[in-house]
Protein chains: 2
Amino acid sequence: MLNVLKTKGRARCGQLHLAHGIVETPCFMPIATKGAVKTLSPNDVASLGADILLSNTYHLLLRPGLEEMKKLGGLHNLMGWDKPILTDSGGYQVFSLSKINKTTEEGVTFQSHIDGSKINLTPELSMEMQAAIGSDVVMQFDDVAAGDSLRERYKEAMERSLRWAERCKKALPLMESLTKQKLFGIVQGGTHEDLRAISAEGLVEIGFDGYAIGGLSVGEKREDAYRIVSTLTEKLPANKPRYFMGGGMPEEVVYYVQQGVDMFDCVLPTRNARHGTLFVWTQDPSTIDWESCPTDFYKGLRITGEVNKFDQTTLDPFCDCEACKTTTKAYLRHLFSVNEILGMRFATIHNLRFYQRLMQAQRDTIMVQ
Amino acid sequence: MLNVLKTKGRARCGQLHLAHGIVETPCFMPIATKGAVKTLSPNDVASLGADILLSNTYHLLLRPGLEEMKKLGGLHNLMGWDKPILTDSGGYQVFSLSKINKTTEEGVTFQSHIDGSKINLTPELSMEMQAAIGSDVVMQFDDVAAGDSLRERYKEAMERSLRWAERCKKALPLMESLTKQKLFGIVQGGTHEDLRAISAEGLVEIGFDGYAIGGLSVGEKREDAYRIVSTLTEKLPANKPRYFMGGGMPEEVVYYVQQGVDMFDCVLPTRNARHGTLFVWTQDPSTIDWESCPTDFYKGLRITGEVNKFDQTTLDPFCDCEACKTTTKAYLRHLFSVNEILGMRFATIHNLRFYQRLMQAQRDTIMVQ
């Protein structure tokens with residue numbers, strides 16, 4: 001499914017062939033948690049350059065629900081989005097969002113954060129829900145250890161995730177799916193290299209369409225995450241896509257691309273946008289030496305700052321998004337100061353365009369002779 | 001400034017020549033209370049067919065403020081909107097939004113609903129603020145009586161509004177304005193025909209560029225509002241624009257157009273949209289006999305209703321807006337049920353397009369042989 005077009009060091013440029021189209025990698029997936037990228041229409045997201053978006057099994061299981069999603073004919077049909085979709089399995093959201101959750105070998109019992117109802121999410125139910133969603137890429141259901149866990153807990157979660165990976169691989173083909181789905185395993189093990197190695201080997205032995213690195217970007221030191229990823233990518237099959245889950249800052253994405261990661265998702269561009277922080281280029285992205293893993297190619301612009309009050313210049317002179325073409329720092333600051341939704345929309349458009357161009361620049365760097 | 005192209009009965013079709021362009025009348029002005037139509041960019045608003053938008057002196061006086069607006073070079077410059085703008089004078093908002101307000105002959109002292117600071121809004125300050133905004137059409141500052149007032153209070157407010165109208169007419173030319181501004185007087189007097197007549201005569205004697213009918217759509221019976229408007233329009237100069245403030249439902253707009261009203265603004269399309277109620281055509285607007293003042297040409301669609309849960313048809317088969325072209329009732333209902341901002345945006349786009357096409361249909365009806 002991954003057609004590697006070119007490699008340069010460990011970095012690679014490729015095409016991911018999925019049921020709803022081809023995704024150019026390395027890629028960044030905007031997050032449509034509940035079936036919409038906040039403030040944007042599906043057409044808006046496509047026009048920013050995204051080939052694929054990510055949605056969440058946990059949220060869609062709560063609303064609209066499993067039977068409802070089946071009746072709706074899947075998420076592509078509901079949203080009117082005809083490009084690929086990847087769905088998270090729900091493991092992380094159960095862990096992070098629901099107040100009461102209890103993990104057993106069978107699965108996780110949790111209380112809905114919406115209405116308090118009790119739900120038992122198992123690997124099989126996650127597969128059934130993702131089949132109903134009809135996502136192009138299905139993530140295995142995993143046991144997620146908290147970021148500050150003891151080694152024993154990481155080991156337990158990693159081993160259970162392996163067993164659940166097998167159950168997912170068995171269950172998915174039995175589901176009546178709306179689309180030809182690919183299944184990814186998730187490497188766990190915290191910042192322990194030996195646990196990560198066991199996890200990777202176990203998953204490869206089971207055999208998946210792609211491999212994700214989970215359980216990072218959860219508060220660990222950046223050097224630990226860098227160490228884990230740089231020792232891990234070589235253990236994952238070269239002909240399968242590698243997906244770093246839930247990260248990260250632009251310079252982290254650049255580093256991970258250099259380590260051979262193909263896919264990314266992160267709440268940062270959209271969440272920061274809604275809080276008034278923009279990623280702004282400090283120079284034209286086509287002029288940057290990406291292989292040196294620079295960290296100074298952007299800065300954070302706090303649009304609510306007093307300094308922007310009368311600044312009638314564009315948000316980012318190196319950006320080509322609708323917000324940068326049509327508005328000013330002064331207007332965007334005004335919109336945030338009076339709580340106008342348009343402010344969040346402009347900032348979201350800008351930040352997602354920033355990440356899409358970041359990925360385009362990585363692909364260009366790898367493809368160039 | 002109003003070039004009447006054609007009349008049919010009392011209804012008329014014309015062109016309003018303003019500093020930032022020509023407005024086709026009868027027209028509907030979307031409301032950009034704080035300098036943005038909620039969820040929409042200035043380009044979005046223009047693409048829906050609006051020639052002119054309305055903003056509020058009261059809100060802009062609080063944020064960004066008078067001196068700030070001067071420094072920003074006016075609202076056109078701040079927003080990046082190059083078509084006409086009309087600004088409300090602040091009288092109505094002081095009355096409806098601020099908890100503590102005290103009216104004297106000098107003006108209204110009120111507490112900001114943002115930070116509680118005390119502001120003394122006078123006819124002169126309203127003119128200064130509107131000059132700073134640089135709106136194409138400036139509304140006089142008026143004294144607004146509550147909808148359930150006694151006749152004596154309506155009389156007092158109407159007479160004071162006349163005196164304030166004179167002060168506005170004197171003050172505006174003394175202000176350093178950013179644009180060549182037109183000043184409109186506002187007819188007051190509640191549902192009392194004799195008070196309305198005195199108000200209209202008084203304003204015409206002072207002489208304004210246009211005349212607004214204020215103090216209706218505030219809870220009075222519809223038949224009372226219809227009676228007042230139908231007896232009032234003939235008392236207003238035929239060569240000057242007539243503006244019905246703050247109304248109304250689509251069938252009311254149709255009726256008032258037949259009575260010779262040229263301009264409208266209303267929160268209904270945008271506010272209802274944000275609460276999930278859409279105006280939906282029951283037939284193609286070009287096939288409707290508008291001169292008969294029909295009331296059954298649209299219906300309200302409560303998108304959050306259970307009945308829409310699996311309805312994958314378009315919102316309104318007679319509409320050409322982005323929402324109707326790209327989404328379904330089921331998706332819009334889902335967006336509202338999970339509180340996604342995109343739902344409010346789609347609904348706002350639809351409702352504003354409905355009102356713009358309503359006005360287009362009125363103009364077409366008047367212009368046709």
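These notebook entries record what I looked up in a predicted model with chains A and B.

**Entry 1. The sheet of chain A**

I began with the strands of chain A. I found an open sheet of eight strands, and the pairing is parallel. I wrote down the order of the strands as E4-E14-E13-E12-E11-E10-E6-E5. The edges are strand E4, residues 27-29, and strand E5, residues 53-56, of chain A, and each of these pairs on one side only. I also looked up the twist, which averages 25 degrees from one strand to the next. As background I noted that strands of a sheet pair through backbone hydrogen bonds, either parallel or antiparallel.

I then examined one pair of strands within chain A. Strand E11, residues 182-187, and strand E12, residues 210-213, pair in the parallel sense, and I recorded four bridges for them. In this pair, Ile186(A) stands opposite Ala212(A) of E12(A).

**Entry 2. The sheet of chain B**

In chain B, strand E11 (residues 182-187) and strand E12 (residues 210-213) run parallel and are joined by four bridges. I looked up Val187(B) and found that its bridge partner in E12(B) is Ile213(B).

**Entry 3. Two helices of chain A**

I next looked at helix H13, residues 329-337, and helix H14, residues 341-367, of chain A. Their axes come within 7 Å and cross at roughly 130 degrees.

H13(A) contributes Leu332(A), Leu335(A) and Phe336(A), while H14(A) contributes Leu342(A), Gly343(A), Phe346(A) and Ala347(A). Sorted by class, the contact has six nonpolar residues, one polar residue and no charged residues.

**Entry 4. The domains of chain A**

I consulted the domain assignment of chain A, which gives domain 1 as residues 2-265 and domain 2 as residues 274-367. Taken over C-alpha atoms, the centres of the two domains of chain A are separated by 27 Å. Their contact takes 24 residues from domain 1 and 22 residues from domain 2 of chain A.

Which elements supply at least two residues each to the side of domain 1 of chain A that touches domain 2? They are strand E1 (2-8), strand E2 (11-18), E4 and helix H10 (250-258) of chain A. H10(A) gives the most to this side, with seven residues. I noted the classes on this side of domain 1 as 15 nonpolar, three polar and six charged residues.

**Entry 5. Chain A against chain B**

Last, I looked up the contact between the chains, which takes 27 residues from chain A and 27 residues from chain B. On the side of chain A, helix H3 (66-72), helix H4 (75-79), H13 and H14 are the elements that give two or more residues. H13(A) gives the most to this side, with five residues. The residues on the side of chain A that touches chain B divide into 13 nonpolar, nine polar and five charged.

Conventions
Residues numbered from 1 in each chain as written. Chains lettered and ligands numbered in written order. Predicted model: local features only at pLDDT ≥ 70, side-chain atom pairs only at ≥ 80, totals over all residues. Pairing = 2+ DSSP bridges. Axes fitted to C-alpha atoms, helices over the stretch in contact; angles between N-to-C directions. Contact = placed C-beta atoms within 7 Å. Nonpolar A, V, L, I, M, F, W, Y, C, P; charged D, E, K, R; others polar. Domains from an automatic or database assignment.
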